[in-house]
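User: I have a chain open on my screen and want to talk through how it is put together. Can you take my questions as they come?

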Amino acid sequence: MSVIGACSQFVYGEVYQRDEQWAQCLVSGKGYLFCHRSGGYENIWVGNRKREKKMKRRNFRVEAMWPDLSRPSEVEMEEITDSDHLDRILLLAHENSQPILIDWMATWCRKCIYLKPKLEKLAAEYLNKAKFYYVDVNKVPQTLVKRGNISKMPTIQLWKDGEMKAEVIGGHKAWLVTEEVREMIQKFL
């Protein structure tokens, strides 16, 4: 059996073969992909309007990168409003033996604003392993800010067993900060 697809944005097709094996094909907007299986080989034609190319490979398989829709792509961080709220969160985390991350930020801090969505995506990666929170230092009592020993923003702290174990002060690029936070989480999981 053969499959041919015309130009489309992204199409993922599966074709059931006579010998009960699956051939998977991907069609992108830049051309077309033609799959044909005969005698254990697949003939693949990848083409566009300017040129066509034929490739022969044994057990050739093309897969699309589909997102896992069973898991969220980002998790909104919960806000900590005062010291009592932080105490309740730390107690619950200690009972569950789960680390928590606290992003100490301010609404006037540009780097804090850019970093927050990246941390929410990171929170989706560690959905059941760690909880993510944020504190807006301008909205909370200064006793809470002093308790966190915050001097620069953004500061991301990892708390486990009721005490602060590690921190990353994020004054550089957001992708570097997320990598440092990821390493910090891996160390304490």
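User: Start with Thr178. What is it in contact with, leaving aside its neighbours within four places in sequence?
Analyst: Thr178 is in contact with Leu115, Lys118 and Leu122. Bear in mind that this is a predicted model.

User: Where does Thr178 lie, and is it buried or exposed?
Analyst: Thr178 lies in helix α4. It counts as buried because its relative accessibility is 9%.

User: How do α2 and α4 pack?
Analyst: Helix α2, residues 110–125, packs against α4 at an angle of about 35°, and the two axes are 10 Å apart. Their crossing is right-handed. From α2, the contact uses Leu115, Lys118, Leu119, Leu122 and Glu125. The α4 side supplies Ala174, Val177, Thr178, Val181, Arg182 and Ile185.

User: Which strands does α4 lie across?
Analyst: α4, residues 174–188, lies across β8, β9, β10 and β11. Relative to β11 it runs at about 160°.

User: What is the strand order in that sheet?
Analyst: It is an open sheet of five strands, in the order β7-β9-β8-β10-β11, and the pairing is mixed. β7 (78–79) and β11 (163–169) are at the edges with a single partner strand each, so one side of each has no neighbour in the sheet.

User: What about β8, how many of its residues are buried?
Analyst: Six of the six, so β8 is largely enclosed by the rest of the structure. Ile100, Ile102 and Trp104 point one way, while Leu101, Asp103 and Met105 point the other way. In a regular strand, side chains alternate between the two faces of the sheet.

User: How does β8 run against β9 and β10?
Analyst: β8 and β9 run parallel and are joined by six bridges. With β10 (residues 155–160), β8 runs antiparallel, and five bridges join the two. Trp104 has a bridge partner in each: Val135 in β9 and Thr155 in β10.

User: And what do β10 and β11 form?
Analyst: They form a hairpin with two residues between them. Asp161, in the turn, has a positive phi of about 55°. The two strands pair in the antiparallel sense over six bridges, and Leu158 stands opposite Ala166 of β11.

User: Where is Pro154 found?
Analyst: Pro154 is in the loop between α3 (142–147) and β10. Its relative accessibility is 0%, so Pro154 counts as buried.

User: What is Pro154 in contact with, leaving out neighbours within four places?
Analyst: Its contacts include Asp103 and Trp104, as well as Cys109, Lys111, Cys112 and Leu115. Val168, Ile169 and Gly170 are also on the list. As for Val177, its C-alpha is 9.8 Å from that of Pro154, and the two are 23 residues apart along the chain.

User: Switching topic. How many aromatic pairs are there?
Analyst: The count comes to zero, where a pair needs ring centres within 6.5 Å.

User: What lies over the face of Tyr134, then?
Analyst: Lys116 does, at 3.9 Å from the ring centre.

User: Last one, the chain as a whole. How many helices and strands, and what share of the residues is buried?
Analyst: There are four helices and 11 strands. Of the 189 residues, 38% count as buried. Among contacts between residues at least 6 apart in sequence, 55% join residues at least 24 apart.

Definitions and conventions: Residues numbered from 1 in each chain as written. Predicted model: local features only at pLDDT ≥ 70, side-chain atom pairs only at ≥ 80, totals over all residues. Heavy atoms only, no water. Pairing = 2+ DSSP bridges. Contact = heavy atoms within 4.5 Å. Axes fitted to C-alpha atoms, helices over the stretch in contact; angles between N-to-C directions. Phe/Tyr/Trp six-rings, centres within 6.5 Å; stacked < 30°, edge-to-face > 60°. Lys NZ or Arg CZ within 6 Å of the ring centre and 35° of its normal. Buried < 20%, exposed > 50% of the residue type's maximum accessible area, 1.4 Å probe, protein only. Left-handed = near helix turned anticlockwise from the far one by under 90°.
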